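Have the 3D view open as you read, and take the points in any order you like.

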Amino acid sequence: MDLKNITLISFGYFEEGFLEKVAGTINHELLYPVIIKEGHIDITEFYDPGRRQYNGNKLLKEVDELYASDSNKTIGLFNVDLFIPILTYIFGQAFLSGRSGIASLYRLGNERYGMDSDERLVVERFKKEVIHELGHTMGLIHCHIPNCVMRSSTYVEDIDLKTASLCSKCRSEINTNRLS
Amino acid sequence: MGKKISILIVDDEESVRDSLYNWFIEDGYRVEVAENANRALSMLESDSFDIILADIKMPGMDGLEMLRRIKILKSESIVIVMTAFATVDTAVQALKDGAFDYVTKPFDPDDLSHLIRNASKQISLSDENETLRTKVLTLENVEDLIGKSEPMKRVLRDIENVAQSSSSVVITGESGTGKELVARAIHSNSSRKFFPLVSVHCGALTESLLESELFGHEKGAFTGAMYNRKGRFEMADNGTIFLDEIATISMKMQIDLLRVLETKKFTRVGGNKEISSDFRVICATNRDLKSMVEKAAFREDLFYRLNVVNIFVPPLRERIEDIPLLVDYFIKKYCLSMNKPPLTIDSSALKRLEEFNFPGNVRELENMIERAIVVGNGKKIALKDLPLEKTIISSTIESLDDLEKSHIFQILNKYSWNISRAAKALKVDRVTLYNKISKYGLKPKE
């Protein structure tokens with residue numbers, strides 16, 4: 001089915017105007033209308049007291065089941081510390097060529113790493129993370145081109161090294177996937 | 001990424017399998033999962049995986065036992081073991097059993113990326129080595145070793161067998177058979193090929209000069225030693241040293257050489273600093289070293305140290321069927337270097353070459369062909385262009401310069417030292433002929 005739009009669903013508190021900035025960049029980069037919605041999940045069900053983190057696998061499944069549709073690419077936006085069983089943390093994850101993904105703001109702030117807060121940087125990092133997960137839902141795997149948004153980022157400074165844009169190879173792949 | 005790397009995840013926890021599956025799929029790997037060791041082993045029977053990421057603690061067969069079985073089944077597989085309960089003992093045991101790495105769950109995303117990157121690097125290195133090994137089987141840089149005869153095929157097989165080892169080699173054979181070419185081919189097909197092949201013609205140097213050549217010297221070590229100089233052993237570090245005419249070295253030099261071969265350490269002449277060098281030694285001789293040992297003319301211990309592998313290069317008369325190939329090769333080689341159109345050879349001339357004894361072997365044949373191209377009419381090499389009747393020349397003259405000198409002298413005498421006529425006969429201009437006369441110091445009374 002043809003993709004009609006991209007839906008960002010917020011689960012938690014985001015500063016006023018924050019998600020609009022993110023949506024604007026996504027629209028500019030991926031050329032789909034971006035809808036912002038508010039979601040309601042009792043995330044305490046996904047809390048792992050042993051790790052004091054939220055289970056990203058279960059949250060992704062929940063978002064997919066409750067909010068995703070075939071004509072949309074849906075990204076659930078959180079502000080909690082996400083993990084998957086094998087990894088100590090994740091910034092986000094998505095179903096490859098699927099309908100949905102999740103991303104969290106929690107580990108993107110400088111203050112978490114003992115540095116001065118930088119709101120502009122947080123917005124930039126979050127934009128990149130959301131576009132990255134959307135790229136996975138559109139069938140893109142990690143890219144080796146250093147400034148491509150699809151490059152894998154395993155720590156926060158990694159995100160700063162790439163841009164919010166797709167490289168030409170990833171862009172042409174999305175276009176091919178779109179036509180097929 | 002060139003080849004798509006495949007990963008098999010073995011873990012009894014579904015959430016771990018799913019997490020790793022999703023992570024690696026996003027990275028572009030081919031990923032399969034197995035919920036226990038038995039399932040993984042049966043998958044490995046029908047499919048191959050570059051990396052196996054396995055949990056240690058699983059019901060039934062545990063990860064360590066599975067690791068041991070995988071290493072028997074497919075020793076080249078890279079197995080990374082994971083556990084939530086790390087102990088030093090299990091880590092040591094896993095590594096002893098051949099695990100590539102050992103990680104404790106959960107791990108940082110960055111650590112996981114590093115781990116897989118390292119494993120991938122190892123895989124590409126193994127692939128590269130495999131490619132290199134395959135390449136060596138088709139020998140490189142052996143174009144000069146011409147011949148399809150059985151004795152030459154044996155030489156090529158010997159080169160192939162010995163090239164990849166670091167064993168010392170003694171190449172034996174008559175003068176002019178191509179022993180140095182064999183040494184070059186061994187070096188070019190060995191893992192040392194990116195480092196120098198250093199040749200030393202032992203027979204051409206006096207004992208003291210040879211000592212200085214081989215070991216180098218310090219400034220002021222002897223009269224004329226104005227600078228420090230590296231010796232050939234030092235220059236051959238990581239490469240190969242080729243000692244030609246090894247049978248000619250003195251007894252004292254034999255002792256020095258033995259010591260260097262045993263320790264790979266030496267000092268420069270006049271120096272006191274010990275120098276190490278990792279070289280492979282290849283020697284050549286036209287003498288029978290074994291009989292020299294029996295006559296106490298060559299040290300037995302040095303003989304055995306050098307003669308780990310022996311390659312015999314056959315004389316040309318024992319591989320007559322290679323003569324047409326060699327002739328063709330030398331004609332092309334010299335016509336190209338002299339900027340002449342390719343010549344052919346008269347069948348009667350070729351027949352006579354095949355009947356000739358060639359005491360000087362391939363070198364003598366090469367010189368004959370070069371000379372024939374120089375003196376011939378430029379179309380076809382004829383019997384008259386080959387000095388086959390003048391066997392005295394072939395037995396006393398070896399170098400092309402000697403041949404050229406002798407030929408020019410004959411022509412000059414033939415034309416009573418009339419330079420213009422002699423130059424015309426030689427098909428060179430008068431200036432060239434004067435230069436040759438001057439070069440060889442030729443005089444009418446000679």
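1. Asn357(B) is partly exposed, because 14 other C-beta atoms lie within 10 Å, a count between the 12 or fewer of an exposed residue and the 20 or more of a buried one. Please keep in mind that this is a predicted model. To find Asn357(B), look in the loop between helix H14 (347-355) and helix H15 (361-375) of chain B. Which residue is 37 residues apart from Asn357(B) in sequence and 9.6 Å apart in space? That is Ile320(B), with the distance taken from C-alpha to C-alpha.

2. Next, have a look at helix H7 (residues 179-188) of chain B. Is H7(B) mostly covered or mostly uncovered? The helix is mostly covered, with eight of its ten residues buried. The buried residues are Lys179(B), Leu181(B), Val182(B), Ala183(B), Arg184(B), Ala185(B), Ile186(B) and His187(B). Their packing partners in chain B are helix H6 (150-163) and the strands S6 (169-172), S7 (197-201), S10 (240-244), S13 (280-285) and S14 (309-312).

3. Staying with chain B, you will find an open sheet of five strands, ordered S2-S1-S3-S4-S5, with parallel pairing. At its edges are strand S2 (30-34) and strand S5 (101-104), each of which pairs on one side only. On average, neighbouring strands here are turned by 20 degrees against each other, direction ignored. Strand S1 (residues 6-10) of chain B pairs with S2(B) in the parallel sense over five bridges.

4. Two packed helices are described by the angle between their axes and the distance between the axes. Helix H2 (residues 37-46) and helix H3 (residues 63-73) of chain B pack at about 10 degrees, and their axes are 10 Å apart. That angle makes H2(B) roughly parallel to H3(B), since angles under 35 degrees count as such. The crossing of H2(B) past H3(B) is right-handed. On the H2(B) side, the residues that meet H3(B) are Ala37(B), Ala40(B), Leu41(B) and Leu44(B). Facing them in H3(B) are Gly63(B), Glu65(B), Met66(B), Arg69(B), Ile70(B) and Leu73(B). By class, this contact has seven nonpolar, one polar and two charged residues.

5. Now turn to chain A, where four strands make an open sheet in the order S3-S4-S6-S7, with mixed pairing. Why is one side of S3(A) and of S7(A) left without a neighbour in the sheet? Strand S3 (47-48) and strand S7 (87-90) stand at the edges, and each has a single partner strand, so one side stays without a neighbour. S3(A) runs antiparallel to strand S4 (residues 53-55) of chain A, and two bridges join them. Asp48(A) stands opposite Gln53(A) in S4(A). Across S4, strand S6 (82-84) and S7 of chain A lies helix H2 (residues 56-67) of chain A, running at about 50 degrees to S4(A).

6. Finally, how many residues does each chain bring to the contact? Chain A brings 15 residues and chain B brings 19 residues. On the side of chain A that touches chain B, S7(A) gives the most, with three residues. That side of chain A divides into eight nonpolar, seven polar and no charged residues.

Note on methods:
Residues numbered from 1 in each chain as written. Chains lettered and ligands numbered in written order. Predicted model: local features only at pLDDT ≥ 70, side-chain atom pairs only at ≥ 80, totals over all residues. Axes fitted to C-alpha atoms, helices over the stretch in contact; angles between N-to-C directions. Parallel < 35°, antiparallel > 145°, perpendicular 65-115°, else oblique. Left-handed = near helix turned anticlockwise from the far one by under 90°. Contact = placed C-beta atoms within 7 Å. Nonpolar A, V, L, I, M, F, W, Y, C, P; charged D, E, K, R; others polar. Pairing = 2+ DSSP bridges.
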